[in-house]
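Open your viewer and get ready to click along. We will go from stop to stop, and at each one you will hear what to select and what is there.

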There are 2 protein chains.
Amino acid sequence: MPAPIEFHFDFSSPYGYFAATRIDALASRFGRSVTWKPILLGVVFKTTGGAPLPALPLKGDYAKKDIPRCARFMGIPFRFPSPFPVGTVGPVRAFYWAEGNQSAMAILLAQALFKAYFVDNLNISDNETVVRVAASVGLDADAVRAGMNDAAARDRTRAETELAVSKGVCGSPYFIVDGEPFWGHDRLDQVERWLDKGPY
Amino acid sequence: MPAPIEFHFDFSSPYGYFAATRIDALASRFGRSVTWKPILLGVVFKTTGGAPLPALPLKGDYAKKDIPRCARFMGIPFRFPSPFPVGTVGPVRAFYWAEGNQSAMAILLAQALFKAYFVDNLNISDNETVVRVAASVGLDADAVRAGMNDAAARDRTRAETELAVSKGVCGSPYFIVDGEPFWGHDRLDQVERWLDKGPY
């Protein structure tokens, strides 16, 4: 049984959202599973010297055109959220709390959080919004609220982000397949080739 | 007759090279022409705050894997050049000098310069190497040598780079199709959709 595909992403990354709508179906076509790994891109930027897209001269303006166009190209529901980007400590903690109980529920929560931010324009940097999104997929509101504030979820969030940086994760989405790194939703075609025919 | 596709690139950009092997055939399938616009990415970086890939923490290591893998994925002959990247003032001046006489020859020269650097590992930052490459496609060595040092080619190089920045060009390759910007060889699928079905 081959190792799961590692799918690293930030909940505030539109390209991460695009990848999140595709990666499980892609992997399953080749009998592979996916381990979702939300991280905090702001921490990654401390190593890479990166910055949020809107802050980048020229690239920020380009991203404003590219992001919604990519969504239309891929046929993915999308509305540019405001504010953008937002801090996602709450969503990441909620994810790892949920994963501690059941990984399928954590993925369901992640998909709902992406939709809340990038389709419904809900500000997922607000913890109570995260709780409401979690409740909408069937998680217990009080348990989520407590779990997000638990030391375990906080420590896991930091540890997963540090582990990702140590593996070379430099953006979102960032896949690792059999040790091979693929950065960007626009590398899903290369991931597919890898899964289909092996290393190239 | 629709306007030509603008194809901005740096001669030291592997992703620019990949795009250069595809863009003319793609455009011609839809009855479109391409205007090649070599620029100096180092000047663009002064506006974007960017830096050459090898200098970027994590992203530099990633690029070392991604670049040759993209070449294999696309079936493009490629050898990682050393040194990388190199300054390309000479190639850009030679291009605009050649274009002043005949644009088809300038494109032939550009393709030969890309191949010289990314397949044959010739250092195209050396002006005499540029002259030899130009001679190999039928240009007169002495005329190229003089043309590269001509004030007109120097001024055109600076003007085209400044014009590109003023249009938002933030990397290589960077296409502008009917006013719409597409950055990266991995947007060629979106360029194709645009040419095929129009704005989306």
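On a 1 Å grid over the protein atoms alone, a cavity is a set of points where a 1.4 Å probe fits but cannot get out. Grid points are joined across faces, edges and corners, and a volume is the space filled by probe spheres set on the points. The largest cavity holds about 30 Å³ of space.

Before moving on, a word on what you are looking at. This is a predicted model, in which local features need pLDDT of at least 70 and side-chain atom pairs count only at pLDDT 80 or more, while totals for chains, interfaces and linings use all residues. Residues are numbered from 1 along each chain as its sequence is written, chains are lettered from A and ligands numbered from 1 in the order in which they are written, and side-chain values use heavy atoms, with hydrogens and water left out.

**Stop 1**

Select B:Leu53, B:Pro54, B:Gly60, B:Ala63, B:Lys64, B:Ile67, B:Phe80 and B:Phe84, which line the largest cavity. A lining residue has an atom within 4 Å of a point. This lining divides into six nonpolar residues, one polar and one charged. Here Ala, Val, Leu, Ile, Met, Phe, Trp, Tyr, Cys and Pro count as nonpolar, Asp, Glu, Lys and Arg as charged, and the others, Gly among them, as polar.

**Stop 1: two cis bonds**

Stay with B:Phe84: a cis peptide bond joins B:Phe84 and B:Pro85, with omega about -10°. Another cis bond joins B:Ser82 and B:Pro83, with omega about 0°. B:Pro83 sits in the loop between helix 4 and helix 5 (89–101) of chain B. Helices (H or I, at least four residues) and strands (E, at least two) are DSSP runs, numbered from the N terminus.

Now select A:Leu58, in the loop between helix 3 (41–48) and helix 4 of chain A. A:Leu58 is not a glycine, yet it has a positive phi of about 65°. Most residues other than glycine have a negative phi, and most peptide bonds are trans.

**Stop 2: where the chains meet**

Six salt bridges link the two chains; in each, a side-chain nitrogen of Lys or Arg lies within 4 Å of a carboxyl oxygen of Asp or Glu. Zoom in on B:Arg187 and A:Asp66, a salt bridge whose closest N and O atoms are 2.8 Å apart.

**Stop 3**

A pocket is an open set of points with protein on both sides within 12 Å along at least five of seven lines. The second largest pocket has a volume of about 580 Å³. Of its 24 lining residues, select A:Phe73, A:Asp186, A:Asp189, B:Asp186 and B:Asp189, which lie nearest its centre. The lining divides into nine nonpolar, four polar and 11 charged residues.

Finish with A:Lys167 and A:Glu6, a salt bridge with its closest N and O atoms 2.9 Å apart. These two residues are 161 residues apart in the chain, with A:Glu6 in strand 1 (residues 5–9) of chain A.
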